[in-house]
Amino acid sequence: LYERTILRFIAFSSIANFGYVLLGFGLVSFEAVAASAFYFFMYCISMVLFFVVLSFVRNQQTLREIQYITEVFSVVNYNTLIGFLAIGSLLSLAGVPPFPGFTAKVLILQALFIQG
């Protein structure tokens with residue numbers, strides 16, 4: 001699913017990620033519930049980090065409204081650390097392999113395969 005606006009991206013991401021959380025809680029095994037709790041924790045950390053980056057970008061750009069995801073990455077031009085945090089939080093929300101979001105998804109899917 002390709003989305004350019006931030007609000008729609010956050011809405012679609014929330015729906016998809018809570019589907020994974022409910023999948024783990026629906027299995028009602030210790031491994032699945034623990035994996036869902038870990039996934040929820042990692043999701044919350046990634047979202048908080050993304051909102052911190054958004055607020056930083058908004059403060060740096062004279063309080064104008066940020067509508068598109070590409071506007072968030074403009075922060076790399078003047079603050080590299082915040083830019084990498086923005087990229088890292090988005091990649092973790094997407095579940096790309098070296099990030100915690102991927103590990104949490106793998107744990108939930110592993111618990112699903114164990115349950116049968």
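The residues that line the largest cavity divide into four nonpolar, four polar and one charged; here Ala, Val, Leu, Ile, Met, Phe, Trp, Tyr, Cys and Pro count as nonpolar, Asp, Glu, Lys and Arg as charged, and the others, Gly among them, as polar. The structure is a predicted model, in which local features need pLDDT of at least 70 and side-chain atom pairs count only at pLDDT 80 or more, while totals for chains, interfaces and linings use all residues. Residues are numbered from 1 along each chain as its sequence is written, and side-chain values use heavy atoms, with hydrogens and water left out.

Rolling a probe the size of a water molecule over the atoms shows where empty space is left. A cavity is a set of points, on a 1 Å grid over the protein atoms alone, where a 1.4 Å probe fits but cannot get out, and lining residues have an atom within 4 Å of a point. Grid points are joined across faces, edges and corners, and a volume is the space filled by probe spheres set on the points. One cavity of 30 Å³ or more is found in a search of the whole structure. The volume of the largest cavity is about 60 Å³. Its lining is made up of Asn-17, Tyr-39, Met-42, Tyr-43, Ser-46, Ser-92, Leu-93, Gly-101 and Lys-105. Two or more lining residues come from each of helix 2 (30-60), helix 4 (80-94) and helix 5 (100-115), where helices are DSSP runs (H or I, at least four residues) numbered from the N terminus. With four residues, helix 2 gives the most to this lining.

Helix 5 has 16 residues, which at 1.5 Å a residue should span 22 Å; the end C-alpha atoms are 23 Å apart, which agrees. The expected span is 1.5 Å times one less than the number of residues. In helix 5 the buried residues are Gly-101, Ala-104, Lys-105, Ile-108 and Ala-111. Buried means under 20% relative accessible area, exposed over 50% and partly exposed in between, with a 1.4 Å probe and protein chains only. Viewed down the axis of helix 5, these buried residues fall within an arc of 125°, so they line one face of the helix; the arc is that of the directions from the helix axis to the C-beta atoms. Phe-113 and Ile-114 are exposed on the other side of helix 5.

Val-28 lies in the loop between helix 1 (6-27) and helix 2 and counts as exposed, at 69% relative accessibility.

Rings of Phe, Tyr and Trp (its six-membered ring) pair if their centres lie within 6.5 Å; planes under 30 degrees apart count as stacked, over 60 as edge-to-face and the rest as tilted. By this rule there are five aromatic pairs. The ring centres of Phe-9 and Phe-50 are 6.5 Å apart and the planes lie at 65°, so this pair is edge-to-face. The pair links distant parts of the chain, with Phe-9 in helix 1 and Phe-50 in helix 2, 41 residues apart. Phe-9 is partly exposed, at 21% relative accessible area, whereas Phe-50 is buried, at 0%. The rings of Phe-50 and Phe-51 have centres 6.5 Å apart and planes at 50°, so this pair is tilted. Phe-51 is partly exposed, at 42% relative accessibility.

Note on methods:
1 Å grid on protein atoms, 1.4 Å probe; cavity = no way out; pocket = protein on both sides within 12 Å on 5 of 7 lines; lining within 4 Å.
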